[in-house]
Amino acid sequence: MKRNLNFKFDCSKEVAFQKVKVYFQSQGFNLKSNYKDQLIFNRGSILLNMITFNPLQWKSTITIEIADSEIKSEFEINTDFQAVTLKEEQLWESFINNFKETIKGNFDYSSINKKLIKETKYNSLKYVKAALIGGLAAGIPGGIIAYFTGAGSVVGIAAAGGAMSYVMHQIEQEKKKNIAI
């Protein structure tokens, strides 16, 4: 997932640099490099992508270029091993917009971001339930086939396939429902 955001700011360049650093570091991002007019932040790993319920902990690189009165930002978010939900996409969009609002104003959006993360984690739990239902729905027939054929690996393949299929179906339904609204 890749997002770009460009906007103008009213404060001095030095203040903008400081606000950018504070915003991302307070959200758990690491300052990877600090060039003359560019800051690069990163966070996460491919392994963490597989196990976290917090999308802001996914492997990501954020590049910020600060000119005289303009910020150009690029967000590269690695979604490998993710079935990205609508709520997770919305969290990233809010996080990016809150970054802009933080630089342009003097409001600290940390607590708002934390609230959005909590809501997103809670929303993600329903997909764990969907995975269990899909796994059982496909795993039981897979178990019957394995019993009669002697191919025990069929159970695991059927259960994993059923879990992923049902989760992906639920995510697509949620996105379609949101488009219709």
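Trainee: At what angle to β1 does α3 run as it lies across the strands?
Mentor: This is a predicted model, in which local features need pLDDT of at least 70, side-chain atom pairs count only at pLDDT 80 or more, and totals for chains, interfaces and linings use all residues. Residues are numbered from 1 along each chain as its sequence is written, and side-chain values use heavy atoms, without hydrogens and water. Helices (H or I, at least four residues) and strands (E, at least two) are DSSP runs numbered from the N terminus, and angles run from 0 to 180 degrees between N-to-C directions, with axes fitted to C-alpha atoms, for helices over the stretch in contact. Helix α3 lies across β1, β4 and β5, and its angle to β1 is about 20°.

Trainee: Which strands stand at the edges of the sheet?
Mentor: The open sheet has five strands in the order β1-β5-β4-β3-β2, with antiparallel pairing (at least two DSSP bridges between two strands). A strand with a single partner has one side left without a neighbour in the sheet, so the edge strands are β1 (2-8) and β2 (30-34).

Trainee: Which residue in β3 stands opposite asparagine 30?
Mentor: β2 and β3 (residues 38-43) run antiparallel, joined by four bridges. Opposite asparagine 30 stands asparagine 42.

Trainee: How far apart are the axes of α1 and α3?
Mentor: Residues of α1, including Val20 and Phe24, meet residues of α3, among them Phe95 and Phe99, where contact means heavy atoms within 4.5 Å. Helix α1 (residues 13-26) packs with α3 at an angle of about 145°, and the distance between their axes is 9 Å.
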